[in-house]
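I opened this notebook to record what I looked up, point by point, with the cut-offs written beside each term. The entries follow the order in which I went through the model.

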Amino acid sequence: MHSEVVASRSAEQRDSRESRNGSPDAVSLAIIEQLQEDGRRPYAAIGKAVGLSEAAVRQRVQKLLDQGVMQIVAVTDPLTVGFRRQAMVGINVEGDVESIAEALTDMAEVEYVVMTAGSFDILAEIVCEDDDHLLDVINKRIRALPGVRSTESFVYLKLKKQTYMWGTR
């Protein structure tokens, strides 16, 4: 009996450890998948699906949140909450790309910032109330940043798909 308890404890400890590269373990990934399917799913139901107690799920979710591995948020359709104009803006920079990217993250209208290799140094997704608002953000705020060499805007005509369900692969 003692060896069964030790073997069970070892397997439990092995399952609950993060992988060597700091990524979440298989159980935490399963919890993430459960929450991606339904962010309001009760911890007890998640626990049943992944083989943990409700308290253990609650603890793991909090750890994943604290580590910045995931966020639990309400995702809206911008059009239904008063934002009539969205655009992806490609930005070319002279000098330090990171300082421009950081300045963009401070703008409320900028929802997504990524530094890229290719035609643009940075891509930024912008959500605005209307065309005048978009023009103001691009012309008076983004282009005014020291080091911004040029911008190219890709105005969204229709949002066909917006999902965050890529899973944990």
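Entry 1, a glycine after a helix. I began with Gly 51, which follows directly after α3 and takes a positive phi of about 80 degrees.

I am working with a predicted model, in which local features need pLDDT of at least 70 and side-chain atom pairs count only at pLDDT 80 or more, whereas totals for chains, interfaces and linings use all residues. Residues are numbered from 1 along each chain as its sequence is written, and side-chain values use heavy atoms, with hydrogens and water left out.

I looked up which residues of α3 (residues 43-50) are buried, and they are Ile 46, Gly 47 and Val 50; buried here means under 20% relative accessible area, exposed means over 50%, and partly exposed lies in between (1.4 Å probe, protein chains only). Viewed down the axis of α3, these buried residues fall within an arc of 100 degrees, so they line one face of the helix; the arc is taken from the directions from the helix axis to the C-beta atoms. On the other side of α3, I noted Lys 48 and Ala 49 as exposed. The cover over the buried residues of α3 includes α2 (26-37) and α4.

Entry 4, the overall layout. I listed six helices and four strands in the protein, and from the N terminus on they run α-α-α-α-β-α-β-β-α-β. Of the 169 residues, 28% count as buried. The accessible surface comes to about 11500 Å², with 50% of it belonging to carbon and sulfur atoms; such areas come from the Shrake-Rupley method with a 1.4 Å probe, and for residues only the protein chains shown count as cover. Among contacts (heavy atoms within 4.5 Å) between residues at least 6 apart in sequence, 63% join residues at least 24 apart.

Which residues have the most contacts inside the largest nonpolar core? I found Ile 91, Ile 100, Leu 104, Ile 122, Ile 126 and Ile 142, in a core of 19 residues. At least two residues of this core come from each of β1 (85-93), α5 (97-105), β3 (122-128) and α6 (131-142). A nonpolar core is a set of buried Ala, Val, Leu, Ile, Met, Phe, Trp, Tyr and Cys residues joined through side-chain atoms within 4.5 Å. Leaving aside residues up to four places away in sequence, Leu 104 touches Ile 91, Val 110, Val 113, Ile 122, Ala 124, Ile 142 and Leu 145. I also noted a second, separate core of ten residues, which includes Ile 31, Leu 35, Ile 46 and Val 50. In soluble globular proteins, nonpolar side chains tend to be buried together.

Entry 6, salt bridges. I noted six salt bridges in the structure, each being a side-chain nitrogen of Lys or Arg within 4 Å of a carboxyl oxygen of Asp or Glu. Asp 25 pairs with Arg 60, their closest N and O atoms being 3.0 Å apart. This pair links distant parts of the chain, since Asp 25 sits in the loop between α1 (2-16) and α2 while Arg 60 belongs to helix α4, 35 residues apart. Is Asp 25 buried or exposed? Asp 25 is buried, at a relative accessible area of 7%, and Arg 60 also counts as buried, at 13%.

I then checked Glu 109 and Arg 141, whose side chains meet in a salt bridge (3.0 Å, N to O). Glu 109 is buried, with a relative accessible area of 12%, whereas Arg 141 is partly exposed at 27%. His 133, which lies in helix α6, is buried at 17% relative accessible area, and His 133 touches Glu 109 and Cys 128, not counting residues up to four places away in sequence. Within α6, Lys 140 and Asp 136 lie four residues apart, about one turn of the helix, and their side chains meet in a salt bridge at 4.0 Å, N to O. Lys 140 is exposed at 57%, while Asp 136 counts as partly exposed at 30%.
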